[in-house]
Amino acid sequence: MKENKNGNSGILAISACRVSRYVLALVFVLAFASPSASNIFPGFIKWHVFIVDDLSNNQNLLCHCKSSDDDLGIQTLPQVVELHHRMGEVKLLGVWPSPYVYRIIWALEVKGIKYEYVQGEFHKPDFTDLLLKYNPVYKKVPVLLHDGKPIAESTVILEYIEETWPQRPLLPQDPYERAVARFWVSFAEEKSISFMSFFVTVGEEFQKATKEVKEVLKVLEETIADKRYFGGEDIGVLDINLGWIALSFGVIEDVVGVKVLVVSDFPGLFTWIQNFREHPAIKTNLPSYPELFTYYKQKRETIIPSDVAS
Ligand SMILES: N[C@@H](CCC(=O)N[C@@H](CS)C(=O)NCC(=O)O)C(=O)O
């Protein structure tokens with residue numbers, strides 16, 4: 001959810017049992033409803049309904065928080081403060097069309113986190129300086145900046161996002177199921193090298209890579225079976241991790257000129273690609289086929305001269 005800076009706030013209703021509670025609620029409302037509060041917490045609180053009961057601690061000052069896009073439900077005052085704290089300022093440094101960056105975009109979108117996307121280019125010194133500053137070890141994107149603190153490596157960022165914003169969880173609640181989900185993420189990470197080889201090799205190496213890709217896809221086909229998503233009824237961390245297959249593998253196959261992920265061999269994965277691409281948080285965050293085709297064609301030509309590729 002890219003940041004919306006027009007966070008006009010307003011009060012819809014206040015109900016209270018004691019005058020003092022009215023006063024407290026009013027102070028609180030004025031603090032958050034002012035235009036300056038919208039600047040401090042951009043796009044977060046759109047309007048509030050305060051329900052104040054007659055008990056005597058802040059736990060009973062209830063606030064119905066709603067951003068311009070999300071209903072955050074009824075929260076106690078300490079929870080609201082904690083939510084604001086966690087919301088912080090979220091920035092994502094990325095480069096188009098990095099599949100690793102898309103992982104983070106999708107996770108933030110699924111969870112409804114407001115963020116600012118800073119899209120750079122590797123050849124621009126301003127951007128490489130930023131990477132040097134925030135990811136001095138790898139100098140790669142994505143980098144997530146949360147209140148100015150950098151987190152690098154897409155799988156690490158996904159874990160951070162999950163822990164910091166637990167709403168709409170990407171990992172199962174059950175510890176065993178969480179371990180299983182993490183196992184598959186680790187498997188997907190390890191095997192992604194075969195897909196890279198499929199894109200950048202020719203001849204025998206290409207034949208070997210193609211065989212490996214088919215083996216990996218077979219395992220994934222058995223894993224997805226007839227589920228809607230790897231995460232079950234909704235997108236989970238493995239869907240986000242493997243999302244690059246739905247994002248660009250079809251394009252890569254077209255550039256390479258060999259189709260591997262065909263519906264007759266991988267019906268479950270084929271359906272999953274459609275389900276993933278049509279998910280409300282994903283479909284508005286996908287590049288177009290022609291843009292990607294041009295990008296990957298040029299990239300392959302810089303790696304493999306066209307006379308060798310044919
Ligand atoms: N393991 C890293 C890989 C990130 C990565 O390879 N990013 C590429 C863009 S797709 C990058 O920044 N490359 C810059 C470079 O290699 O100089 C992750 O999961 O975040």
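Leucine 93 has valine 143, in strand S7, as its bridge partner. The structure is a predicted model, in which local features need pLDDT of at least 70, side-chain atom pairs count only at pLDDT 80 or more, and totals for chains, interfaces and linings use all residues. Residue numbers start from 1 along each chain, following the sequence as written. Helices (H or I, at least four residues) and strands (E, at least two) are DSSP runs, numbered from the N terminus.

**The sheet**

- Four strands form an open sheet in the order S6-S5-S7-S8, with mixed pairing; two strands pair if DSSP finds at least two bridges between them.
- Strand S6 (116-120) and strand S8 (149-152) each have a single partner strand and stand at the edges, so one side of each lacks a neighbour in the sheet.
- From one strand to the next, the twist averages 20 degrees.
- Strands of a sheet pair through backbone hydrogen bonds, either parallel or antiparallel.

**Strand S7 and its partners**

- Strand S5 (residues 90-95) pairs with S7 in the antiparallel sense over 4 bridges.
- Strand S7 (residues 143-146) also pairs with S8 in the antiparallel sense, over 4 bridges.
- Valine 143 stands opposite alanine 152 in S8, and leucine 144 has isoleucine 151 in S8 as its bridge partner.
- Helix H6 (residues 154-164) packs on the sheet and touches S7 and S8, its direction making about 125 degrees with that of S8. Here, contact between two residues requires C-beta atoms, placed from the backbone, within 7 Å, and angles run from 0 to 180 degrees between N-to-C directions, with axes fitted to C-alpha atoms, for helices over the stretch in contact.
- A hairpin with 2 residues between its strands is formed by S7 and S8, and aspartate 147 in the turn has a positive phi of about 50 degrees.

**The ligand shell**

- Around the ligand lie Val95, Ser98, Tyr100, Phe122, Lys139, Lys140, Val141, Pro142, Glu153, Ser154 and Thr155, each with its C-beta atom, placed from the backbone, within 6 Å of the molecule.
- This shell divides into 5 nonpolar, 3 polar and 3 charged residues (Ala, Val, Leu, Ile, Met, Phe, Trp, Tyr, Cys and Pro count as nonpolar, Asp, Glu, Lys and Arg as charged, and the others, Gly among them, as polar).

**Helices H8 and H10**

- Helix H8 (residues 203-224) packs against helix H10 (residues 267-278) at an angle of about 75 degrees, with axes 8 Å apart.
- The two helices, H8 and H10, are therefore roughly perpendicular (65 to 115 degrees; under 35 is roughly parallel, over 145 roughly antiparallel and the rest oblique).
- Leu217, Leu220, Glu221 and Ile224 in H8 meet Gly268, Leu269 and Trp272 in H10; by class, this contact has 5 nonpolar, 1 polar and 1 charged residues.
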